[in-house]
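Please keep the sequence and the model in view while reading.

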Amino acid sequence: MRESENNLVAEIEKNGFAHLASVLDENSIVNLSQECKKILYSEFIQNEDAYSQFPDTQKFYRNNITKKTAYNTLNRNVIGVSPTVDSIIEKVLTNKDVKETLVAFCGQDYKILTCAIRQASSLSTFVGLHQDAPYQFSIAVFLNDISERSATTVFYNETHKIPFKFDSKFEAFDTKIFNKKLTPAIGKKGDIVFFMNKVLHGMKTGENNSDDSAVILMCFHPCGYPYPPWRLPIQSSYSEKFISSLGPELSRLFRYDESDYSVNNGEIILKLKSQNEHKIIDQYVDLKVKSLSDIILVGYWYVTYLFFFTLRVIRKLFRINKKWLILFKNLKRT
């Protein structure tokens, strides 16, 4: 393991996230950004019978349409739409620093869950702080320069080390409440941010009147954990076959092989192929309270959550009461 990669892994372990300057040449960065922007505003027809029959799930990798989310962001599955984008993402995923970091956290046989464009703007609303599955690991590739004033992902340092299940407990609250404790994901076009999905994270609102904050988000699953595989399109938009049109690494990450999976209590598990394999992510999945400092930290977050939850209830009751007062006054006038 090289010193630069070792430092990167150490930083992710310490903070829960880390930044890496672009691993791509300038031409690839420009092409990736331009092609992804085109994809966001393009559509093509894709029928249900255009997907593989296996695995027998309702989880379709739909890459033919862009979706607008409840947070006023645009999301689009990106693989299999443009040969240019697919080949550049292959370059990213096979870069030595990127690959070694993914292997360090996820082991050798990880799969991909998400590979999608997310575009936020000045109109996007906040995504409150939350944790995803504690065994997930993600990277974000910037498609344009992103500053502290942009609508971007924010991280609460070192919260992946706390034996407290944050889940979505703070997701309803504006990230502004925690501003002084948060680190925004910022950098230049082509830069990469790595993060453990267990670290508390969300998305802040933009402070610019006009903003374009776009990234490719990729989420990875290590072996030994629940993983519902995709039903993939049979064809890409540019080739007769989806999987064979991809490079070796993307093909490995997306390909479905029934022998790679087991079913436990109705849940599909990505098989653990080597019991002796060391994966950093395993250390943080199920943390236990072991010391007085752990007890204090857990207690602090319980009290913080109860405080914000109480304020939210009071605010809601106040709004309901105000609504009824207005209604009562209007009735009285009539």
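Strand 2 (residues 67-68) pairs with strand 3 (residues 74-77) in the antiparallel sense over two bridges, where helices (H or I, at least four residues) and strands (E, at least two) are DSSP runs numbered from the N terminus, and two strands count as paired if DSSP finds at least two bridges between them. The model is predicted, so local features need pLDDT of at least 70 and side-chain atom pairs count only at pLDDT 80 or more, while totals for chains, interfaces and linings use all residues. Residues are numbered from 1 along each chain as its sequence is written, and side-chain values use heavy atoms, with hydrogens and water left out.

**Strands 2, 3 and 4**
- Lys 68 has Leu 74 of strand 3 as its bridge partner.
- Strand 2 and strand 3 form a hairpin with five residues between them, and Asn 72 in the turn has a positive phi of about 65°.
- Strand 3 is joined to strand 4 (residues 111-120) by four bridges, and the two run antiparallel; Asn 77 stands opposite Ala 116 in strand 4.

**The sheet and its edges**
- The open sheet consists of seven strands in the order 1-9-6-11-4-3-2, with antiparallel pairing.
- Strand 1 (17-20) and strand 2 are the edge strands, each pairing on one side only.
- Strand 1 and strand 9 (residues 192-196) run antiparallel and are joined by four bridges, with Val 193 in strand 9 as the bridge partner of His 19.

**Helices against the sheet**
- Helix 3 (residues 83-94) packs on the sheet, touching strand 4, strand 6, strand 9 and strand 11 (contact means heavy atoms within 4.5 Å).
- The direction of helix 3 makes about 55° with that of strand 11, where axes are lines fitted to C-alpha atoms, for helices over the stretch in contact, and angles run from 0 to 180 degrees between N-to-C directions.
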